[in-house]
Amino acid sequence: MLGIVADDFTGGLMIAGYIEGAGIACPVLFDKEELHAIEPAEVVVVATRTRLIPAAEAVAEVEDIAGRLDAAGCDKVAYKVCASFDSTDDGNIGPVADLLARRYGQSPLLLSAGFPRFGSTVHQGYLFYRNRLVSESIKRFDPLTPMTDPDLVRVLSRQTRAKVGLLPHAALHAGYDAAQAAIEALSGNGVDYIMVDCSDDSDAHMSARLAAPMRTTVGSDAHIIAFAQAVTEKSAARATPVPAHADGPAAVLVGSVGPVAMAQLGAFAARYPVLTLDLLDERPEEAIIDEALTWAVTHMGDAPFAVTTADETEAVERAQKAHGTLQAARKAERLLAAIARGVVDRGVRRLVVAGGETSGSVVEALGLRRVRALPESELGTGFCIVETPLHLSLFLKPGKLGADDILLRAVDAMHA
C-alpha cells in the first residue's frame, strides 16, 4: 500500500520500528534490488543514503526506487527526511519534491518536518530543536548541514522554484474540514508545496489525514509514521513476530560528532574500554584499521567495547581543516565501516552504531540487504535483526538522539 524512501539508514529503521509497533509489517531494505524478492507487505521502507549526496544524484536514486515501487504495485510513495530538515541551500529535499510532484501529478504537495517526542517541532513555519529556534540550537554547529535559518518555507523556497506556502497549527487545530479549506485556498493562490506545522503529535496526525488521499508526500518521522497508519487503518493484516536477538560479543561504533555523542561516549567509557581514532593520523587507512582490530580482539568477550572517531570540538575542527569537512566525515565512515566488518568477521554478533551516515557505511560494509525492525521499546526504535547470511543484532541510532546512557542500555537490551 505504501513505499517509503528514507534519506538515511537510521531514519528508515526508526520509522519502521514505530510502524511495526502499530502492528503493521514493515520490512526495511538497504538494497533496492531486494524489492523483487520480499514477501508482500502493507508498507516497505527502502533506506538510502541520499541525505548528503548532490541533489541530481538523489533525484536519480529516488526516481529509480519510485519506478520499482510503482512496478511492484505500490499505491503511494513517500519520501522520508530528517526531523530537523537537515539540508543546505544545495540540499535535495526541494529537488526530490519536484520529482515526486511531477511524477505523480501531485498539486499541492504536502511537506512536514519535526518529531515532537524528540523535541523537534515546527510552529508558524519556524523549526525548533529542544525548545529553541534551530538557528540558536546545537544544530547550527552541525559540520555538514548547519541549520542557520529556522523559517522552513524560506529554506525550502531556496531549493525549488515551486511556490511554497504554510498550513499553520491554528488551521490544523480547527479540524479536518477547516484545514482542507485552508489547503484549497493556498492552492487557489498558486501555492504548489504546502509546509505543514508540527507543533505537537496532533498536528502530525492531522497532516497525515490530509495527505492520506494523495499519491505522494514528503515528511519527517512523525508525519510519515502517521501517514503509514492512516493509509493502512482499514487493513486487517498484522505483522508477524520478529526474530530474536543474536548471541555473541558486542561492540559499539560512534561516528557522530558533537556534545550529544561525546556525552554518550563519556558514559560508556566510565564502564568499558573505548578506542578513539585520530583523523589526523597520516598512516595509510589500512594500518589504522589493522591496529584498531588488534586492539578490539584483545577486548572482545563478555563485556562490550567501543571504537570512535568522535572527539572534542577543537580536534574535530582541526581534522576538518586538514581534510575538508565532508572528506573528514567520509574518512571516519570508511575507518569505522572497515572495523565493523573486521569485528564481525572475528565474532561480534551485537553491534551498536551511532550516526546516520556511519550506520549507512557499516550496513554497506557488512553487505546487509534487508532487516526486520523491532517495535519501539523503552529506548525508542533503531533495533533490528539480520537473519542471513549471519544472525546479527544491530542498534542503529541517529547521532544526536538519546540520553547519555543510551549506548550502555542498548548493549544490555540486545540479548537473545
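1. The largest pocket holds about 840 Å³ of space. On a 1 Å grid over the protein atoms alone, a pocket is an open set of points where a 1.4 Å probe fits, with protein on both sides within 12 Å along at least five of seven lines; lining residues have an atom within 4 Å of a point. The volume is the space filled by probe spheres set on the points, which are joined across faces, edges and corners.

2. Of its 49 lining residues, Arg51, Asp142, Ser256, Gly356 and Lys400 are the closest to the centre. Helices H1 (9–21), H11 (313–323), H12 (325–345) and H13 (356–366) each give two or more residues to this lining. Helices (H or I, at least four residues) and strands (E, at least two) are DSSP runs, numbered from the N terminus.

3. The model is predicted: local features need pLDDT of at least 70, side-chain atom pairs count only at pLDDT 80 or more, and totals for chains, interfaces and linings use all residues. Residues are numbered from 1 along each chain as its sequence is written, and side-chain values use heavy atoms, without hydrogens and water.

4. Tyrosine 18 and phenylalanine 115 form an edge-to-face pair, because their ring centres are 5.9 Å apart and their planes stand at 75 degrees (rings pair with centres within 6.5 Å; edge-to-face means planes over 60 degrees apart). Tyrosine 18 belongs to helix H1, whereas phenylalanine 115 lies 97 residues away in the loop between strands E5 (109–112) and E6. Both residues are buried (under 20% relative accessible area, 1.4 Å probe, protein chains only). Ring pairs link Tyr18, Phe115 and Phe118 into a cluster.

Terms used: Rings of Phe, Tyr and Trp (its six-membered ring) pair if their centres lie within 6.5 Å; planes under 30 degrees apart count as stacked, over 60 as edge-to-face and the rest as tilted. Buried means under 20% relative accessible area, exposed over 50%, partly exposed in between (1.4 Å probe, protein chains only).
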